[in-house]
Amino acid sequence: MDPFLKAAIDEARLGLAEGGIPIGSVLVIENEIVGRGHNRRVQNGSVVLHAEMDCLENAGRLPAASYQRATLYSTLSPCDMCSGAALLYGIPRVVVGENQTFQGPESYVRERGVEVTIADDQECIDLMREFIANCPELWNEDIGE
């Protein structure tokens with residue numbers, strides 16, 4: 001398994017253990033994790049702390065050139081907000097653990113020049129399917145339904 005996707009999965013599991021939604025993300029530059037995060041909407045009572053947003057926040061302020069060399073890993077297909085952040089900062093590559101339980105605007109992101117790779121990782125799929133089955137109201141809130 002890709003060690004960076006594994007790190008994102010570890011973040012997702014940490015979020016679940018905290019009582020949150022099991023989605024994790026890491027930002028990688030030159031084979032080094034410079035930011036990591038997980039969905040903290042429940043834990044922080046936040047409207048915007050999806051995993052990718054938490055990851056970018058935890059990476060801190062970086063020069064634009066750093067983002068242009070980065071890869072954003074996420075256990076789940078990024079939503080409109082998180083995809084927008086990747087586009088805003090010029091992140092050229094996004095690796096998605098799975099997009100079966102939720103699919104963000106992947107086509108739009110690709111049209112804007114971002115390389116999007118779908119790993120179809122079974123652990124990511126199982127983690128989300130189990131969470132959605134156990135907490136459908138919380139999941140629907142997270143995706144705005």
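Just after helix α3, Gly60 adopts a positive phi of about 75°. This is a predicted model, so please read the values below as computed from it.

Let's start with the helix itself. α3 spans residues 51-59, and its buried residues are Ala51, Glu52, Asp54, Cys55, Leu56 and Ala59. Their cover includes the strands β1 (24-29), β2 (32-38) and β3 (70-74), along with the helices α4 (64-67) and α5.

Cys55 leads on to the cysteines. Searching the whole structure turns up zero disulfides. Cys55 is in none, and its nearest cysteine sulfur, in Cys82, is 10.0 Å away. For Cys79, the closest cysteine sulfur is also that of Cys82, but at 3.8 Å the two are too far apart for a bond, because a disulfide needs the sulfur atoms within 2.5 Å.

| Cys55 | 0% | buried | 10.0 Å |

The structure holds one cavity of 30 Å³ or more, and the largest cavity has about 80 Å³ of space. By type, the lining divides into eight nonpolar residues, three polar and one charged.

Which helix gives the largest share of this lining? It is α5, with three residues. At least two lining residues come from each of α5 (80-88), β4 (93-96) and α6 (106-111).

Conventions. Residues numbered from 1 in each chain as written. Predicted model: local features only at pLDDT ≥ 70, side-chain atom pairs only at ≥ 80, totals over all residues. Heavy atoms only, no water. 1 Å grid on protein atoms, 1.4 Å probe; cavity = no way out; pocket = protein on both sides within 12 Å on 5 of 7 lines; lining within 4 Å. Points joined across faces, edges and corners; volume = space filled by probe spheres on them. Helix = DSSP H or I, 4+ residues; strand = E, 2+ residues; numbered from the N terminus. Nonpolar A, V, L, I, M, F, W, Y, C, P; charged D, E, K, R; others polar. Buried < 20%, exposed > 50% of the residue type's maximum accessible area, 1.4 Å probe, protein only. Contact = heavy atoms within 4.5 Å.
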